[in-house]
Amino acid sequence: MTVAEVCVNTDPSIAPGLCRVRVWLLPADSPHHTEQRARTILRDVLGPLHIDGDAVADAEHVIAELAINAVQHAEPPCELRIMFLGEVWPAWCEVADSSPALDVVRRRLQGAVVTADDAMIPELAESGRGLQVAAGLSNGRCAVYPTAICQTGAIGKAIGFALPGTGAAASSSP
């Protein structure tokens with residue numbers, strides 16, 4: 001079930017449906033549940049677009065890594081958000097959580113070694129490899145940034161990546 005859907009453009013009469021964001025609440029009861037739900041949502045969104053199967057599998061792997069990290073290293077609630085260009089074309093996907101730990105995650109996405117001195121998320125000194133996998137599978141088209149959680153309004157972070165098929169293919173969307 002979609003938690004929210006928001007049209008981002010300010011004047012629909014100028015550019016109707018320019019950018020929409022759909023938000024789903026991810027279960028926080030177990031990493032496995034969270035991963036499966038995130039994969040299912042992404043597969044349901046990308047499936048009808050006939051995107052290359054390997055690209056979809058890579059995107060599913062990335063979203064699984066981000067969803068698991070959110071459940072293991074951050075405070076709930078966790079949200080999966082997909083931004084759409086135009087009426088149907090998904091372009092950007094992110095997992096948002098209530099943790100403000102931007103710097104540690106940013107360094108890990110950039111491939112830097114995170115030391116045990118990083119007090120925000122000390123577990124990333126020994127783990128966090130999933131963020132590097134996410135960066136690699138998205139060809140570096142990923143980022144971490146502050147955000148507000150739709151369900152609570154709390155300030156947290158989002159880790160997002162470009163979905164396959166964005167770019168040249170997006171301009172000729174179905």
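**Before starting**

This is a predicted model, in which local features need pLDDT of at least 70 and side-chain atom pairs count only at pLDDT 80 or more, while totals for chains, interfaces and linings use all residues. Residues are numbered from 1 along each chain as its sequence is written, and side-chain values use heavy atoms, with hydrogens and water left out.

**Stop 1: the whole chain**

Show the cartoon. The protein has four helices and six strands; helices (H or I, at least four residues) and strands (E, at least two) are DSSP runs, numbered from the N terminus. Starting at the N terminus, the order of elements is β-β-α-α-β-β-α-α-β-β. Of the 174 residues, 47% count as buried, where buried means under 20% relative accessible area, exposed over 50% and partly exposed in between, with a 1.4 Å probe and protein chains only. Among contacts (heavy atoms within 4.5 Å) with a separation of 6 or more, 58% come from residues 24 or more positions apart.

**Stop 2: H1 and H2**

Select residues 31-46, which form helix H1, and residues 53-73, which form helix H2. H1 and H2 pack at an angle of about 145 degrees, and their axes are 8 Å apart. Axes here are lines fitted to C-alpha atoms, for helices over the stretch in contact, and angles run from 0 to 180 degrees between N-to-C directions. The crossing of H1 and H2 is right-handed; a crossing is left-handed if the near helix is turned anticlockwise from the far one by less than a right angle, and right-handed if clockwise. On the H1 side the contact includes Ala38, Arg39, Leu42 and Arg43. On the H2 side it includes Val56, Glu60, Ala64 and Ile68.

Now pick Glu60 in H2. Is Glu60 buried or exposed? Its relative accessibility is 10%, so Glu60 counts as buried. Apart from neighbours within four places in sequence, Glu60 is in contact with Arg39, Leu42 and Arg43.

**Stop 3: H3 and H4**

Select residues 102-109, helix H3, together with residues 129-137, helix H4. H3 and H4 pack at about 55 degrees, with axes 8 Å apart. The two helices are therefore oblique to each other; angles under 35 degrees count as roughly parallel, over 145 as roughly antiparallel, 65 to 115 as roughly perpendicular and the rest as oblique. The crossing of H3 and H4 is right-handed. Val105, Arg108 and Leu109 of H3 make the contact with Leu131, Gln132 and Ala135 of H4.

Colour the buried residues of H3: Leu102, Val104, Val105, Arg108 and Leu109. They pack against H4, E5 and E6. Arg108 has a relative accessible area of 7% and is therefore buried.

In H4, the buried residues are Gly130, Leu131, Ala134 and Ala135. They cover an arc of only 145 degrees around the axis, so they are on the same side of H4; the arc is that of the directions from the helix axis to the C-beta atoms. Their cover includes H2, H3, strand E5 (142-148) and strand E6 (155-162).

**Stop 4: the core**

Select Ile82 and Phe161. Of the 34 residues in the largest nonpolar core, these two touch the most other members. A nonpolar core is a set of buried Ala, Val, Leu, Ile, Met, Phe, Trp, Tyr and Cys residues joined through side-chain atoms within 4.5 Å. H2 gives the most to this core, with seven residues. Not counting residues up to four places away in sequence, Ile82 touches residues including Trp24, Ile41, Leu42, Trp92 and Leu163.

**Stop 5: backbone details**

Most residues other than glycine have a negative phi, and most peptide bonds are trans.

- Pro76 and Pro77 are joined by a cis peptide bond, with omega about 5 degrees. Pro77 is in the loop between H2 and strand E3 (78-85).
- His50, in the loop between H1 and H2, has a positive phi near 55 degrees. At a relative accessible area of 73%, His50 is exposed.
- Asn139, in the loop between H4 and E5, has a positive phi of about 55 degrees. Asn139 counts as exposed at 66% relative accessibility.
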